[in-house]
Amino acid sequence: MAGPKHPRRYDEAFKRRIVQSYENGKPPSQIRAGYDIARSAPRRWVQGIRDSGSTRAADNRTSGWNELIEPRKRNRRLEMEVDVSEQAAPVFARRQARYGPTPAAARYRRSAESWALPSRPAAG
(Lines give C-alpha, C1' and ligand atoms only; values in the text may rest on other atoms or scores of the structure.)
Protein backbone atom coordinates (compact mmCIF):
# COMPACT_ATOMS: atom_id res chain seq x y z
CA MET A 1 0.00 0.00 0.00
CA ALA A 2 2.95 2.29 -0.60
CA GLY A 3 2.27 5.50 -2.45
CA PRO A 4 2.67 9.24 -2.08
CA LYS A 5 0.37 9.36 0.94
CA HIS A 6 1.69 6.14 2.49
CA PRO A 7 5.42 5.94 1.75
CA ARG A 8 7.35 2.91 2.88
CA ARG A 9 9.57 3.27 5.93
CA TYR A 10 12.85 1.40 6.24
CA ASP A 11 14.97 1.12 9.35
CA GLU A 12 18.58 2.25 9.45
CA ALA A 13 19.99 -1.30 9.52
CA PHE A 14 18.12 -2.23 6.33
CA LYS A 15 19.39 0.89 4.55
CA ARG A 16 22.96 0.18 5.61
CA ARG A 17 22.63 -3.41 4.34
CA ILE A 18 21.52 -2.08 0.94
CA VAL A 19 24.42 0.41 0.86
CA GLN A 20 26.87 -2.35 1.80
CA SER A 21 25.69 -4.59 -1.04
CA TYR A 22 25.98 -1.62 -3.44
CA GLU A 23 29.53 -0.93 -2.30
CA ASN A 24 30.38 -4.62 -2.68
CA GLY A 25 29.65 -4.27 -6.39
CA LYS A 26 26.08 -5.53 -6.73
CA PRO A 27 24.28 -3.65 -9.54
CA PRO A 28 21.53 -1.24 -8.39
CA SER A 29 18.94 -2.94 -10.60
CA GLN A 30 19.51 -6.28 -8.83
CA ILE A 31 19.34 -4.59 -5.44
CA ARG A 32 16.05 -2.88 -6.30
CA ALA A 33 14.55 -6.07 -7.69
CA GLY A 34 15.73 -8.21 -4.78
CA TYR A 35 14.40 -5.94 -2.06
CA ASP A 36 11.48 -4.33 -3.95
CA ILE A 37 12.51 -0.75 -3.20
CA ALA A 38 12.09 2.48 -5.17
CA ARG A 39 14.50 3.30 -7.96
CA SER A 40 16.01 6.38 -6.31
CA ALA A 41 16.25 4.98 -2.78
CA PRO A 42 19.62 3.16 -3.01
CA ARG A 43 21.25 6.17 -4.68
CA ARG A 44 19.98 8.54 -1.96
CA TRP A 45 21.09 6.20 0.83
CA VAL A 46 24.56 5.72 -0.66
CA GLN A 47 24.97 9.48 -1.15
CA GLY A 48 23.76 10.16 2.39
CA ILE A 49 26.18 7.68 3.92
CA ARG A 50 29.05 9.17 1.92
CA ASP A 51 28.16 12.78 2.81
CA SER A 52 27.23 12.61 6.47
CA GLY A 53 27.39 8.99 7.56
CA SER A 54 23.61 8.80 7.91
CA THR A 55 20.72 7.86 5.66
CA ARG A 56 18.25 10.15 7.45
CA ALA A 57 17.09 13.03 5.26
CA ALA A 58 17.27 15.48 8.17
CA ASP A 59 20.98 14.74 8.64
CA ASN A 60 21.76 15.36 4.96
CA ARG A 61 20.05 18.74 4.51
CA THR A 62 21.94 21.98 4.13
CA SER A 63 21.50 24.69 6.74
CA GLY A 64 19.69 26.88 4.20
CA TRP A 65 17.18 24.14 3.53
CA ASN A 66 16.64 23.63 7.28
CA GLU A 67 15.95 27.37 7.61
CA LEU A 68 13.12 26.96 5.10
CA ILE A 69 11.69 23.86 6.72
CA GLU A 70 11.51 25.06 10.34
CA PRO A 71 9.00 27.91 9.76
CA ARG A 72 6.86 25.59 7.66
CA LYS A 73 6.78 23.02 10.47
CA ARG A 74 5.87 25.69 13.02
CA ASN A 75 3.16 27.09 10.74
CA ARG A 76 1.68 23.61 10.23
CA ARG A 77 1.66 23.00 13.99
CA LEU A 78 -0.02 26.35 14.69
CA GLU A 79 -2.65 25.73 12.00
CA MET A 80 -3.41 22.38 13.61
CA GLU A 81 -3.82 24.06 17.02
CA VAL A 82 -6.23 26.60 15.51
CA ASP A 83 -8.24 23.81 13.90
CA VAL A 84 -8.49 21.96 17.20
CA SER A 85 -9.56 25.15 18.99
CA GLU A 86 -12.21 25.88 16.36
CA GLN A 87 -13.59 22.37 16.68
CA ALA A 88 -13.53 22.46 20.49
CA ALA A 89 -15.18 25.89 20.91
CA PRO A 90 -18.76 24.72 20.13
CA VAL A 91 -18.34 21.75 22.47
CA PHE A 92 -17.26 24.00 25.33
CA ALA A 93 -20.06 26.47 24.56
CA ARG A 94 -22.69 23.71 24.74
CA ARG A 95 -21.16 22.43 27.97
CA GLN A 96 -21.21 25.89 29.53
CA ALA A 97 -24.78 26.50 28.40
CA ARG A 98 -25.87 23.21 29.94
CA TYR A 99 -23.84 23.17 33.15
CA GLY A 100 -22.92 26.82 33.67
CA PRO A 101 -19.42 28.20 34.02
CA THR A 102 -16.68 26.04 35.43
CA PRO A 103 -15.77 26.61 39.09
CA ALA A 104 -12.52 28.28 38.04
CA ALA A 105 -14.39 30.70 35.76
CA ALA A 106 -16.85 31.54 38.53
CA ARG A 107 -13.98 32.24 40.96
CA TYR A 108 -12.32 34.46 38.39
CA ARG A 109 -15.53 36.41 37.83
CA ARG A 110 -16.01 36.94 41.59
CA SER A 111 -12.42 38.10 42.04
CA ALA A 112 -12.69 40.46 39.06
CA GLU A 113 -15.84 42.00 40.53
CA SER A 114 -14.09 42.68 43.83
CA TRP A 115 -11.33 44.54 41.98
CA ALA A 116 -13.71 46.67 39.95
CA LEU A 117 -13.69 50.40 40.60
CA PRO A 118 -16.85 51.84 42.14
CA SER A 119 -18.99 53.62 39.59
CA ARG A 120 -19.08 57.41 39.74
CA PRO A 121 -22.28 59.33 39.77
CA ALA A 122 -23.04 61.06 36.51
CA ALA A 123 -21.89 64.65 36.38
CA GLY A 124 -24.59 67.01 35.69
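**Entry 1: confidence before anything else**

I reminded myself that this is a predicted model. I looked up the mean pLDDT of the protein chain and found 79, with 77% of the residues scoring at least 70.

**Entry 2: charged pairs**

How many salt bridges does the structure hold? I found 1. Glu-12 makes this contact with Arg-16, and their closest N and O atoms are 3.4 Å apart. That distance falls within the 4 Å cut-off, so the pair counts as a salt bridge.

I then checked where the two partners sit. Both belong to helix H1, residues 12-23, and because they are 4 residues apart there, about one helical turn separates them. Buried or exposed, or in between: what is Glu-12? Glu-12 is partly exposed, with a relative accessible area of 28%. Arg-16 is partly exposed too, at 37%.

**Entry 3: aromatic rings**

Next I turned to the rings, and the structure holds 4 aromatic pairs. I started with Tyr-10 and Phe-14: their ring centres are 5.1 Å apart and their planes lie at 20°, so I wrote this pair down as stacked. Tyr-10 is partly exposed, with 26% relative accessibility. Phe-14, in contrast, is buried, with a relative accessible area of 13%.

Phe-14 also pairs with Trp-45. Here the ring centres are 6.3 Å apart and the planes meet at 80°, so this pair is edge-to-face. Trp-45 has 5% relative accessibility, so with the cut-off for buried at under 20%, Trp-45 qualifies.

**Entry 4: putting the rings together**

Which residues do the ring pairs link into a cluster? I listed Tyr-10, Phe-14, Tyr-35 and Trp-45. Two of these names were already in my notes as buried: Phe-14 and Trp-45. Tyr-10 I had down as partly exposed.

Terms used:
Residues numbered from 1 in each chain as written. Predicted model: local features only at pLDDT ≥ 70, side-chain atom pairs only at ≥ 80, totals over all residues. Heavy atoms only, no water. Salt bridge = Lys/Arg side-chain N within 4 Å of Asp/Glu carboxyl O. Helix = DSSP H or I, 4+ residues; strand = E, 2+ residues; numbered from the N terminus. Buried < 20%, exposed > 50% of the residue type's maximum accessible area, 1.4 Å probe, protein only. Phe/Tyr/Trp six-rings, centres within 6.5 Å; stacked < 30°, edge-to-face > 60°. pLDDT = per-residue confidence, 0-100.
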